[in-house]
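Work through the exercises below with the model open beside you, and try each task before you read its solution.

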Amino acid sequence: MKKIGVLLTNIGTPDAPTKKAVKRYLKEFLSDRRVIELPKILWQPILRLFILTTRPSSSAALYKKIWRTNGSPLLAYTREAAQLLEKSLRKKLADDIVVSVGMRYGNPSIPAALQEFRDNDIEHLLILPLFPQYSGASTASTFDAVNATIKKWRHLPAIRTINDYAADENYIQAIAQSIKNHQTAKGKKHLLFSFHSTPQRYVDNGDPYKKLCETTAKLVAATLELTPKEWSLSFQSRLGPTKWITPYTDKVLAAMPHQGIQDLQVVCPGFAVDCLETLEEIALRGKEQFLNSGGKTFEYIPALNCSHAHINMLSEIVGQHTQGWI
């Protein structure tokens with residue numbers, strides 16, 4: 001049997017909730033041509049002279065609101081999920097499967113994780129980005145980082161990549177069950193699916209991200225047997241003045257109470273684990289906006305994080321993509 005490595009990737013996080021750490025993270029993130037498709041000669045002056053001189057302070061303040069004793073929630077959850085996934089895979093598939101974490105930006109980096117696999121003589125490598133819905137700015141960028149590292153290697157392992165799992169039955173069932181569990185405890189209310197947004201021109205140029213988000217939401221809603229009036233779809237976390245895919249989550253939250261929706265539950269299926277965008281932007285800021293606009297109750301349904309359903313779902317996906325290797 002040849003040794004198998006599973007690279008579990010996520011977007012990344014600053015090393016600390018400080019201006020210096022956030023600036024370093026944002027510089028790497030916003031210098032990625034997959035994220036910002038403007039010509040370098042136009043974008044870099046804007047990034048260095050304006051964004052990196054103003055945004056790190058405000059972003060650091062937001063990170064401080066959700067930072068925990070074990071660090072960034074995104075990193076802590078991703079690391080724990082990797083450990084649990086490795087145990088699950090060794091029990092189900094093979095004793096010597098290795099799972100490592102690599103962040104697209106920040107630490108632990110993708111190159112560092114790949115070096116661990118190389119040091120362990122991994123012969124088969126599966127790349128699993130924790131982005132259920134494919135996007136050039138996230139999934140493809142992850143593959144770019146992998147390729148940039150392994151192109152320097154003389155001996156390459158056999159490599160497989162997972163583009164998305166937006167319609168995977170195990171994923172849909174896991175999200176649906178998480179919502180059911182929450183509603184069993186709290187009662188059933190109008191459900192808003194909020195996904196990370198992306199510039200409209202990326203979608204116009206062929207990025208399938210928006211369609212994949214819509215697919216996920218429709219499948220989960222169908223599984224829950226929701227009527228069209230019982231759920232909505234929106235997109236959050238836009239940046240800058242350019243048009244992003246709509247409807248915008250903040251606009252939707254402000255309008256809902258005036259449309260007769262005063263009790264709301266929000267789920268963010270595009271985020272595999274909780275992070276700044278879910279814990280601060282939705283659970284704190286989004287709640288405040290909804291209630292200040294006239295809403296009565298607001299509940300954020302947590303990401304799958306390190307739940308048994310999430311680990312089992314990831315195990316099933318890995319099993320599907322490692323057939324023939326075991």
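Predicted model: local features only at pLDDT ≥ 70, side-chain atom pairs only at ≥ 80, totals over all residues.

Residues are numbered from 1 along each chain as its sequence is written, and side-chain values use heavy atoms, with hydrogens and water left out.

**Exercise 1.** Find the salt-bridge partner of Asp 32 and describe where the two residues lie.

Solution. Begin with the term: a salt bridge is a side-chain nitrogen of Lys or Arg within 4 Å of a carboxyl oxygen of Asp or Glu. Asp 32 pairs with Arg 104, and their closest N and O atoms are 3.3 Å apart. Asp 32 sits in the loop between helix 1 (19-29) and helix 2 (40-66), whereas Arg 104 belongs to strand 2 (residues 98-106), so the pair ties together parts that are 72 residues apart in sequence. Here helices (H or I, at least four residues) and strands (E, at least two) are DSSP runs, numbered from the N terminus.

**Exercise 2.** Locate the salt bridges of Arg 90 and of Lys 188, and describe the position of each pair.

Solution. Arg 90 meets Glu 86 at 3.7 Å, N to O. Both residues lie in helix 3 (residues 73-92), 4 residues apart, which is about one turn of the helix. Lys 188 meets Glu 230 at 3.5 Å, N to O. This second pair links distant parts of the chain, with Lys 188 in the loop between helix 6 (169-186) and strand 5 (190-196) and Glu 230 in the loop between helix 8 (209-223) and strand 6 (231-236), 42 residues apart. Lys 188 is partly exposed at 48% relative accessibility, and Glu 230 is partly exposed at 27%.

**Exercise 3.** Is Thr 13 buried or exposed, and which residues does Thr 13 touch?

Solution. Thr 13 is part of strand 1 (residues 4-13). Its relative accessibility is 3%, so Thr 13 counts as buried. Leaving out residues up to four places away in sequence, the residues in contact with Thr 13 (heavy atoms within 4.5 Å) include Tyr 25, Tyr 63, Trp 67 and Ser 72.

**Exercise 4.** Decide why Leu 49 counts as exposed.

Solution. Leu 49 is found in helix 2. Leu 49 counts as exposed because its relative accessibility is 57%.

Terms used:
Buried < 20%, exposed > 50% of the residue type's maximum accessible area, 1.4 Å probe, protein only.
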